[in-house]
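Dear colleague,

I am passing on the structure below, together with some notes on what came out of looking through it. Please read the notes with the structure open beside you.

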Amino acid sequence: MSDSAAGTDFTTLGPVDDAGAGLSELYAYPEKLDSCWVRANFITSLDGAATADGKSGVLGGDGDRALYRLLRELADVVLVGAGTVRVEGYSGAQLGAAERQARNARRQAEVPPIAMVTRSARLDHSLPVFTQTEVPPLILTTHESAEEARAEFAGLARVYDCSAPGDPGTVDLATTLDTLAGLGLPRVLTEGGPSLLGALISAGLLDELCLTIAPTLVGGSGKRITDGHDEAITRMRRRHTLTDDEGYLYTRYSRH
């Protein structure tokens, strides 16, 4: 499969749901969503490490970066944990003219906002997510932190109280997704970190996992793509597996 927009030749391995479809069709979200569809995009080494030198980007190649851009183009919002924003140096989403045109054709905003999950809302104003973005990021925080955060980040971000009823000190992920759906942002892409992904899995809120397997061994004691939560066995269905000339595997699984 050649995709001129991606600049990488992808090969399909085994049966897929939409044989012969382009990348945008293969990774399209379900139509007519009434609630959030949560897709995760992660990368891992052959020996299961989610990072090298503390960052996931070190593991990526040209195809992985092309797929990363495509998944952002298709999403309404990019959901990340505050720790990942700090470590990875997140900025606002950067989309080219063709990507913006494709989003306009789907009646999406030209650029998806970054939505940060944070209990404390303690974020440095100099972070690229605030200084290098076309659209204000969203801060999804607790009832205890929301009022102060609205004052602190006025003009920089939109702040939402995502606590569960009766639990003002914790961000509730189901409430978070209801908030995003209410904002007209049902196509959710989460990129990290491991704690947020683990929480979504534990709560039964992850619909889909796009996992890139890098042809790399890392060794050491690097983290997995999930961390910090109880086991929650979730059966997934393989939607497709792609590869490229560099030997990366691009897998897509969903619960449905």
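This is a predicted model: local features need pLDDT of at least 70, side-chain atom pairs count only at pLDDT 80 or more; totals for chains, interfaces and linings use all residues.

Residues are numbered from 1 along each chain as its sequence is written, and side-chain values use heavy atoms, with hydrogens and water left out.

L123 is also among the residues with the most contacts inside the largest nonpolar core, together with Y27, M116, F130 and I139, and this core has 38 residues. A nonpolar core here is a set of buried Ala, Val, Leu, Ile, Met, Phe, Trp, Tyr and Cys residues joined through side-chain atoms within 4.5 Å, where buried means under 20% relative accessible area, exposed over 50% and partly exposed in between (1.4 Å probe, protein chains only). Elements that each supply at least two residues of this core include α1 (23–26), β4 (37–44), α2 and α6 (143–152), and the largest share, four residues, comes from α2. Helices (H or I, at least four residues) and strands (E, at least two) are DSSP runs, numbered from the N terminus. A second, separate core of 28 residues includes L79, L138, L209 and L211.

Helix α2 spans residues 62–74 and contains E73, which counts as buried because its relative accessibility is 9%. Not counting residues up to four places away in sequence, E73 touches L95, E99, A102, R103, R106 and Q108.

Turning to the strands, ten of them form an open sheet of mixed pairing, in the order β3-β13-β14-β12-β4-β11-β5-β6-β7-β8. β3 (11–12) and β8 (158–161) each have a single partner strand and stand at the edges, so one side of each is left without a neighbour in the sheet. Strands count as paired if DSSP finds at least two bridges between them; β3 and β13 (residues 237–243) run antiparallel and are joined by two bridges, with T12 partnered by L242 in β13.

Lastly, a search of the whole structure finds zero disulfides, a disulfide being a pair of cysteine sulfur atoms within 2.5 Å. The sulfur of C36 has its closest cysteine sulfur in C162, 11 Å away and therefore too far for a bond.

With best wishes

Key: Contact means heavy atoms within 4.5 Å.
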